[in-house]
Structure formats: C-alpha cells, structure tokens
Amino acid sequence: MNKMVLLVDDSSTVRQVMRFAFEHAGFSVTEADNGEAALAILDGRKIGAVVCDIAMPKLDGLTFLKSMRGLRDYRFTPVVMLTTESRANRKQEAKESGATAWATKPCPPSELVSLVQRLTV
C-alpha cells in the first residue's frame, strides 16, 4: 500500500506541483487549502507524513501543527513545514510545536520528496 501524504497549502499551484511529485514517487496524496480543512481530514485515517505551509487563512500552519499533535493518532506523524519563512525564531517555534523538518520555498519538488521518503522509512 502506498504511503499517504497530506499537503496543506493555500496555494493551489504549490499543491499541484507537490501532488505531481509525490504521486510520481509512488505516494498517495490528499490536500487541504488551510489548517482547518486539514484538521477535518485527520479522522483516524493513516497519514504517513504532512507537508504544511505556515501562512494560511482560517488556521495557520503552526496552530494546525499544535492541534494535530494533540490528536493521539497523529502525535508522531512526520511534519515538514514548507514555507517562505526563514527566520530562526520561526524555525524554533515550529520545532517546539512539533515540526519534524523545515524546508524553505522555493524547494525543488525532488528534494521535498526525498526528505519525506527519509522521514517515512
């Protein structure tokens, strides 16, 4: 069975590019355009990894991450924050919130897929 990746980004273009790369690498993909929609997806189904933006409407990525870590089924799911943010204090905040890894946009899709593959072994 393919591993499922949840892509959370308010940019449909970013999600489309990531979807193509992950599906090409053999992953199954589900998407959400904000943290609120992503939380609704976390209904107990098996998610191998999450790739999440920080700046999004309705519910930002860090608030989503904190909420996700409070869900028993997703406490240890790898989460890659994919964002234009590069400040050290934001990276530290993400780490303290439960982020597993950090990638700065623009990130080549192949590098992102490789990172998620390493995290989901």
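Analyst: One definition comes first: helices are DSSP runs of H or I with at least four residues, numbered from the N terminus. Ser97 is found in helix α4, residues 88-97. The model is predicted.

User: What makes Ser97 count as buried or exposed?

Analyst: Buried means under 20% relative accessible area. Ser97 has 9% relative accessibility, so Ser97 counts as buried.

User: Which residues does Ser97 touch, apart from those up to four places away in sequence?

Analyst: Ser97 touches Leu62, Leu65, Lys66 and Arg69. A contact here requires heavy atoms within 4.5 Å.

User: Why is Asp33 called partly exposed?

Analyst: The partly exposed class lies between buried, under 20%, and exposed, over 50%. Asp33 has 39% relative accessibility and therefore counts as partly exposed. Asp33 is found in the loop between β2 (28-32) and α2 (35-41). Leaving aside neighbours within four places in sequence, Asp33 is in contact with Asp9, Asp10, Arg15, Met56 and Pro57.

User: How far apart are the C-alpha atoms of Asp33 and Ser97?

Analyst: The C-alpha atoms of Asp33 and Ser97 are separated by 20 Å, and the two residues are 64 residues apart along the chain. For Ser97 and Ser11, 86 residues apart along the chain, the C-alpha separation is 23 Å.

User: Why is the pair of Phe22 and Phe27 called edge-to-face?

Analyst: By the ring rule the count comes to one aromatic pair. The ring centres of Phe22 and Phe27 are 5.4 Å apart and their planes stand at 85 degrees, so the pair is edge-to-face. The cut-offs are centres within 6.5 Å and, for edge-to-face, planes over 60 degrees apart.

User: Are Phe22 and Phe27 buried or exposed, and what values decide this?

Analyst: The cut-off for buried is under 20%. Phe22 has 1% relative accessibility and so counts as buried. Phe27 has a relative accessible area of 8% and is therefore buried.

User: What sets Lys58 apart in its backbone angle?

Analyst: Phi of Lys58 is near 70 degrees, a positive value in a residue other than glycine. Most residues other than glycine have a negative phi. Lys58 lies in the loop between β3 (49-52) and α3 (61-69). Exposed means over 50% relative accessible area; Lys58 has 65%, so Lys58 is exposed.

User: Is the peptide bond from Lys105 to Pro106 cis or trans, and what is its omega?

Analyst: The bond from Lys105 to Pro106 is cis, with omega near -5 degrees. Most peptide bonds are trans. Pro106 is in the loop between β5 (101-104) and α5 (109-119).

User: How do you know whether the radius of gyration agrees with a compact globule?

Analyst: With 121 residues, a compact globule would have a radius of gyration near 14 Å; the protein chain has 13 Å, so the value agrees. Along its principal axes the C-alpha trace spans about 35 × 30 × 25 Å. Of the 121 residues, 45% count as buried.

User: What is the pattern of helices and strands along the sequence?

Analyst: The protein chain has five helices and five strands, and reads β-α-β-α-β-α-β-α-β-α along the sequence. Among contacts with a separation of 6 or more, 62% involve residues 24 or more positions apart.

User: How many positive and negative side chains are there?

Analyst: The protein chain has 16 positive and 14 negative side chains, and the centres of the two sets lie 6 Å apart.

Conventions: Residues are numbered from 1 along each chain as its sequence is written. This is a predicted model: local features need pLDDT of at least 70, side-chain atom pairs count only at pLDDT 80 or more; totals for chains, interfaces and linings use all residues. Side-chain values use heavy atoms; hydrogens and water are left out. Helices (H or I, at least four residues) and strands (E, at least two) are DSSP runs, numbered from the N terminus. The radius of gyration is taken over C-alpha atoms; the globule rule is 2.2 Å times the number of residues to the power 0.38. Buried means under 20% relative accessible area, exposed over 50%, partly exposed in between (1.4 Å probe, protein chains only). Lys and Arg count as positive and Asp and Glu as negative; His and the chain ends are not counted. The place of a charge is taken as NZ of Lys, CZ of Arg, CG of Asp or CD of Glu. Rings of Phe, Tyr and Trp (its six-membered ring) pair if their centres lie within 6.5 Å; planes under 30 degrees apart count as stacked, over 60 as edge-to-face and the rest as tilted.
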